[in-house]
Amino acid sequence: MKKAVLVFLLIVLAVLVLLPFLWTFSTSLKPLTEVNRHPPEWISPNMSLKPYGDMFFYLPFSTYALNSLIVASSATILTLLVGSLAAFAFARFRFAGKRLFLLLFLLSQMLPGASVIIPLFQLMRESGLYDTHVGLILVHTAVLLPFVIWLLYGFFLGIPGEVEDAALIDGCSRLSALRRVILPLALPGIGATALFAFLGSWSEFFFALILTSSDATRTIPVGIGLFVGEYVDVWNQMSAAAVLFSLPPLALFMLMRRTFVQGLAAGALQ
Amino acid sequence: MKKSTPYVLLGPALLFTAFVLVYPLFQNLINSFKDVSLVRSGGGWVGLRNYAHVFDDSLFWLSFRNTAVYAVAGTLLALLIGLGFALLLNLKIGRISHVAAALYTIPWVISPVVAGFAWKWLLNDNFGIVNHWLSSAGIARGGFAWLGDPRTALFCVIVARVWQFYPFAMVMFLAGLQAIPLEQYEAAAVDGATPLRRFFHITLPNLRSISSVLLLLGVIWSFNDFNMVFVMTRGGPINSSMVLPVLVREFSFVHFDLGKGSALSIVVFTLLLFLSLLYLRVAPRKDAT
């Protein structure tokens with residue numbers, strides 16, 4: 001009896017918590033006439049996937065999606081290259097200033113975007129990188145780096161040094177030891193880190209909003225965030241865009257929940 | 001092995017950090033003492049004038065108050081709800097607890113822009129489900145503009161923020177609860193302690209360090225948060241929900257006064273630096289070698 005009450009409570013809370021999504025999802029399937037109807041209905045016989053197709057014609061979402069893919073995948077690759085070198089240095093070497101550098105990376109993760117955005121904006125304008133993919137990729141890489149270094153550092157520490165010593169004795173240089181021995185062993189960790197980096201860039205809004213100005217470079221969150229006030233009449237298409245945009249993070253979360261939670265706890269993706 | 005190897009390996013990462021962190025921060029500091037505008041030439045030194053403009057602006061003080069309320073009230077509420085959910089899930093009534101834990105975490109997984117969008121639509125004055133329920137329950141007339149009324153806008157943004165942040169607290173509290181040694185509870189049960197006494201004398205004290213970490217992290221993140229307010233209200237109506245990160249954008253890219261924007265962002269940075277140093281004091285160390 002007590003268990004039944006608890007199960008009921010868990011279910012009610014789940015519905016309450018997911019309400020904003022369920023409402024958005026329901027809206028994304030409705031024709032416009034029913035979106036703008038009073039009183040609103042959760043389910044209607046006229047539901048279809050039509051808004052998911054329409055949004056690509058009414059708003060430039062195919063361009064936004066392509067931009068998001070380009071920026072997020074490039075930033076991921078760049079962050080992993082740069083980040084794994086730094087993480088390797090932290091995990092395998094003793095050197096002067098090590099604690100200071102670790103602290104610098106940790107602190108930079110807390111830095112408010114607002115306190116660097118104006119000079120970054122000026123820098124981008126002067127160097128011609130304002131409103132370009134490259135500019136946004138470089139900024140996202142730098143923003144994601146501390147988190148990626150922190151994660152990879154943990155993974156590298158988990159690989160015993162003896163493995164690497166054996167490679168060195170066999171005549172590998174330090175760098176080829178990193179490439180041939182450490183990296184393959186750390187591959188699962190690197191894979192998880194890559195996914196976080198991708199999602200971090202995929203969801204990033206602040207820098208993407210301020211450092212772009214044309215549809216040719218805007219990413220999906222910028223599209224949603226900017227249009228949410230302007231195109232109030234197409235809530236169903238906006239909802240469809242929001243649902244599609246949420247699929248990658250949701251799929252990832254469902255597939256690897258444990259790693260996901262640990263990773264998010266390890267650093268600030270927000 | 002050469003002595004310079006670790007520095008060479010760190011080089012690219014330091015270069016990126018210098019480019020996005022160190023250089024902009026110093027440039028920002030310089031800007032804040034200059035007359036810099038996006039729309040007209042200028043650039044002379046003006047001493048503390050930009051700071052004086054910031055502190056003389058009643059909008060700054062309103063935003064400061066809003067940001068503090070948003071960060072502190074939002075975080076405290078999220079911690080309370082997160083603790084409640086963690087306690088419920090920790091009763092472990094079988095598989096459904098795991099499924100529920102996964103579902104309860106979802107608000108934290110999706111992009112803040114989507115979260116803001118979903119809440120904005122939920123609270124829509126004419127077609128939102130919240131107004132529909134309130135009017136059918138006879139509590140309020142329909143058509144109330146939750147985000148269009150200065151009395152409710154900030155409150156609604158805080159609700160959305162709590163909704164997005166509580167799962168983080170829940171996950172951390174759950175881990176904390178599972179780390180409490182069972183012997184402590186057994187000993188208390190032998191001594192005849194009531195469940196309520198066990199909660200206050202064993203559970204809560206064991207969660208103290210997690211709570212302080214969560215509180216500081218939550219306040220730091222919320223203090224920095226631009227997304228939720230920008231997407232839901234843009235700081236309006238009549239600045240009633242304006243927060244500092246959104247105000248930096250407003251000064252700099254809407255009023256084109258980069259000098260004043262820089263001064264404000266240095267003020268925000270100083271506040272955050274203080275909070276971050278406090279966090280480093282209470283945070284658990286991963287590796288201190």
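Trainee: Taking it that domain bounds come from an automatic or database domain assignment, which domains does the assignment give for chain A?
Mentor: The assignment for chain A gives domain 1, covering 1-48, and domain 2, covering 59-266. This is a predicted model, in which local features need pLDDT of at least 70 and side-chain atom pairs count only at pLDDT 80 or more, while totals for chains, interfaces and linings use all residues. Residues are numbered from 1 along each chain as its sequence is written, and chains are lettered from A and ligands numbered from 1 in the order in which they are written.

Trainee: How far apart are the C-alpha centres of the two domains of chain A, and how many residues are in contact?
Mentor: The C-alpha centres of domain 1 and domain 2 of chain A are 34 Å apart. Contact, meaning that the C-beta atoms of two residues, placed from the backbone, lie within 7 Å, links 7 residues of domain 1 with 7 residues of domain 2 in chain A.

Trainee: Which elements give two or more residues to the domain 1 side?
Mentor: They are helix H1 (2-28) and helix H2 (32-35) of chain A, where helices (H or I, at least four residues) and strands (E, at least two) are DSSP runs numbered from the N terminus. H1(A) gives the largest share of that side, with 4 residues. By class, that side of domain 1 of chain A has 3 nonpolar, 3 polar and 1 charged residues; here Ala, Val, Leu, Ile, Met, Phe, Trp, Tyr, Cys and Pro count as nonpolar, Asp, Glu, Lys and Arg as charged, and the others, Gly among them, as polar.

Trainee: Stepping back, what does the secondary structure of each chain come to?
Mentor: Chain A has 14 helices and 0 strands, and chain B has 13 helices and 0 strands. Along the principal axes, the C-alpha atoms of chain A fill a box of roughly 75 × 65 × 30 Å, while the C-alpha trace of chain B spans about 75 × 75 × 30 Å.

Trainee: And what percentage of each chain counts as buried?
Mentor: A residue is buried if 20 or more other C-beta atoms lie within 10 Å of its own, exposed if 12 or fewer, and partly exposed in between, with C-beta atoms placed from the backbone. Buried residues make up 47% of the 270 residues in chain A, and for the 289 residues of chain B the value is 42%. Among contacts between residues at least 6 apart in sequence, those joining residues at least 24 apart come to 76% in chain A and 69% in chain B.

Trainee: Which residues touch the most other members of the largest nonpolar core?
Mentor: That core has 157 residues, and those touching the most other members are Ala86(A), Ile149(A), Ile224(A), Phe117(B), Ala118(B), Val157(B) and Ala169(B). A nonpolar core is a set of buried Ala, Val, Leu, Ile, Met, Phe, Trp, Tyr and Cys residues joined through C-beta atoms within 7 Å. Leaving aside neighbours within four places in sequence, Ile149(A) is in contact with Gly83(A), Ala86(A), Ala87(A), Phe105(A) and Ala13(B).

Trainee: Now the chain interface: how many residues are in contact there?
Mentor: On the chain B side 69 residues are in contact with 70 residues of chain A. Helix H1 (residues 5-31) of chain B provides the largest share of the chain B side, 17 residues, and that side divides into 49 nonpolar, 16 polar and 4 charged residues.

Trainee: At what angle do H6(A) and H1(B) cross?
Mentor: The axes of helix H6 (residues 117-127) of chain A and H1(B) cross at roughly 100° and come within 7 Å, axes being lines fitted to C-alpha atoms, for helices over the stretch in contact, with angles running from 0 to 180 degrees between N-to-C directions. H6(A) is therefore roughly perpendicular to H1(B), since angles of 65 to 115 degrees count as such, while those under 35 are roughly parallel, those over 145 roughly antiparallel and the rest oblique. On the H6(A) side the contact is made by Ile118(A), Pro119(A) and Leu120(A), and on the H1(B) side by residues including Tyr23(B) and Pro24(B).

Trainee: Last one: where in chain B is Arg234(B), and what is its phi?
Mentor: Arg234(B) lies in the loop between helix H11 (227-232) and helix H12 (244-254) of chain B, and its phi is near 55°, a positive value in a residue other than glycine. Phe256(B), in the loop between H12 and helix H13 (258-282) of chain B, also has a positive phi, near 60°. Arg234(B) is partly exposed, with 19 other C-beta atoms within 10 Å, and Phe256(B) is partly exposed, with 14 C-beta neighbours inside 10 Å.

Key. Domains from an automatic or database assignment.
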